[in-house]
Amino acid sequence: MFCLLASGQVFAKQVKTGIEILKDQHFKCLEGKRVGLITNPTGVDNTLKSTIDILYEAPNVNLVALYGPEHGVRGDIHAGDKVDNSADTSTGLPVSSLYGKTRKPTPEMLEGIDVLVYDIQDIGCRSFTYISTMGLAMEAAAENNIEFVVLDRPNPLGGLKVEGNLAEEGYFSFVSQFPIPYLYGLTCGELALMLNGEKMLKKQCRLQVIKMKGWKRKMTYPETGLQWIPSSPHIPHAHSAYFYPVSGILGELGYVSIGVGYTIPFQMFAAPWIEADKFAKKLNALQLSGVTFRPMHLKPFYSVGKGEHLQGVQVHLTDYKKAALSEIQFYVMQEIANLYPDRAVFDQSNKDRFNMFDKVSGSNKIRELFAKSNKAADVLVYWNKDADKFKALSKRYYLYR
């Protein structure tokens, strides 16, 4: 059987995600247990049926509680808004918030639970909060003698890209919860095994990962044959996951538009004072592998630059495998300083936002090194220093080749 995508590309039969394998196993690992489920709209089977409804309807599964990460279990919470405790409108099950005052499940939230199941599609980047939710929930499960089951899903960036320094002591936060690189090249199941195995949690849990069938490390998301469910309002398409690390760190400064508030979130850089053609020419002269910059004009609908005429560049990934995704923004910052010396990023941006920039970078060193002379080269040695060692460590936890 083959799958025809809208692009006309044909791939082999769909990858079977963890929930599909759990169904094939007739939910055996959940039988006789009271089940709590951490999920959101991305938790679906290959027919797009919600994992919530699958477990709720399974005759041998006793699903008793739901837990909502950022955006909520049904995706009805806007980015950054707190998730409140509530009841699921479809099943009537209680929903406890893991994105509000409480980020880690409390003993009260877990009372009467025998096993916590995690089923969320991640995007392979450290600063996306779902892996933080997963790790903290694993810790809570361990502390409350509860089993933890991860229903595995693809890393949409594939399993080969590793970029960025390890998050460092003093800069751990909900957007850099663990000492892993910015792009970590693991599925959520593999990452869970590493968090447990390398004792990155305060306490290790009884962990089971329900592996996928048919996924390979070299696969990007379109090659899986799976449909994409927006993992957040600003990750509407599978390729949005490729661009999140392209601009997300710089985007924390609110200094230039990165497309959040326009139709191509994370795929562009623009400001009222940028001259599109000159900027594109400067960036293309760098000849960055796998990347082309196209001059563009726009008026954002909301967020940075709302209603203003902005100029800048759209980033086109012409060879995804060769592109160093997270490095692109550092070159953009460099060329802003070259073209507009009085607009150098750290001289002009809001200093109150430096703290979030550092948290997402996993260190203050990236900001401090770059600010010395506004050159990408000054940060890249530090940015890339941990990648090879982390790749070697990761291989111990690979579930797929």
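**Figure 1. S127 in the loop between β7 and α3.** In this predicted model, S127 sits in the loop that runs between β7 (115-119) and α3. S127 is buried, and its relative accessible area is 5%. Its side chain meets that of Y244 in a polar contact of 3.1 Å. Leaving out residues up to four places away in sequence, S127 touches V175, Y182, Y244 and V360. Y244 also belongs to a ring cluster, where ring pairs link it with F128, Y130 and F266.

**Figure 2. S363 in the loop between α9 and α10.** S363 is placed in the loop between α9 (354-361) and α10 (365-373). The residue is buried, with a relative accessible area of 0%. A polar contact of 3.0 Å joins the side chain of S363 to the side chain of E168. Neighbours within four places in sequence set aside, S363 is in contact with N165, E168, Y171, D358 and Y382.

**Figure 3. I38 in strand β3.** I38 is part of strand β3, which covers residues 34-39. It is buried, at a relative accessible area of 0%. What does I38 touch, not counting residues up to four places away in sequence? Its partners are Y67, L98, L116, V117, Y118, D119, I120, T133, A137 and F148. One of these partners, F148, is among the residues that touch the most other members of the largest nonpolar core. I38 and S90 are 52 residues apart along the chain, and their C-alpha atoms are separated by 16 Å.

**Figure 4. Two nonpolar cores.** The largest nonpolar core holds 103 residues. Within it, M134, F148 and F269 touch the most other members. In soluble globular proteins, nonpolar side chains tend to be buried together.

**Figure 5. Aromatic pairs.** A pair of aromatic rings is described by the distance of the centres and the angle of the planes. The whole structure contains 15 aromatic pairs. One of them joins Y221 and W228, edge-to-face, with 4.8 Å centre to centre and 90 degrees between the planes. Both Y221 and W228 are buried. Y262 and F301 are a stacked pair, because their ring centres are 5.5 Å apart and their planes are at 25 degrees, under the 30 degrees that define stacking. Which parts of the chain does the pair of Y262 and F301 tie together? Y262 lies in the loop between α5 (238-251) and β10 (268-271), while F301 lies in the loop between β11 (291-298) and β12 (310-317), so the pair ties together parts that are 39 residues apart in sequence. Y262 counts as partly exposed, at 24% relative accessibility. F301 counts as exposed, at 52%.

**Figure 6. Charged side chains over ring faces.** Two views show a charged residue and a tyrosine ring. R103 lies over the face of Y99, 4.5 Å from the ring centre. K211 lies over the face of Y400, 5.8 Å from the ring centre.

Figure 7. Most residues other than glycine have a negative phi. L48 is not a glycine, yet its phi is positive, near 75 degrees. L48 is found in the loop between β3 and α2 (51-57). Is L48 buried, partly exposed or exposed? It counts as partly exposed, at 44% relative accessibility. N145 is also not a glycine, and its phi is positive at about 55 degrees. N145 is found in the loop between α3 (130-143) and β8 (147-151). At 60% relative accessibility, N145 counts as exposed.

**Figure 8. The whole fold, for orientation.** The protein has 12 helices and 12 strands. Its radius of gyration is 21 Å, close to the 21 Å that the globule rule gives for 401 residues, so the protein is as compact as a globular protein of that length. The C-alpha trace spans about 65 × 50 × 45 Å along its principal axes. Of the 401 residues, 60% are buried. Among contacts with a separation of 6 or more, 71% are between residues 24 or more positions apart.

Note on methods: Residues numbered from 1 in each chain as written. Predicted model: local features only at pLDDT ≥ 70, side-chain atom pairs only at ≥ 80, totals over all residues. Heavy atoms only, no water. Phe/Tyr/Trp six-rings, centres within 6.5 Å; stacked < 30°, edge-to-face > 60°. Buried < 20%, exposed > 50% of the residue type's maximum accessible area, 1.4 Å probe, protein only. Helix = DSSP H or I, 4+ residues; strand = E, 2+ residues; numbered from the N terminus. Lys NZ or Arg CZ within 6 Å of the ring centre and 35° of its normal. Core = buried A, V, L, I, M, F, W, Y, C linked by side-chain atoms within 4.5 Å. Polar contact = N/O pair within 3.5 Å; in protein donor to acceptor, adjacent residues only side chain to side chain. Contact = heavy atoms within 4.5 Å. Rg over C-alpha atoms; globule rule 2.2 N^0.38 Å.
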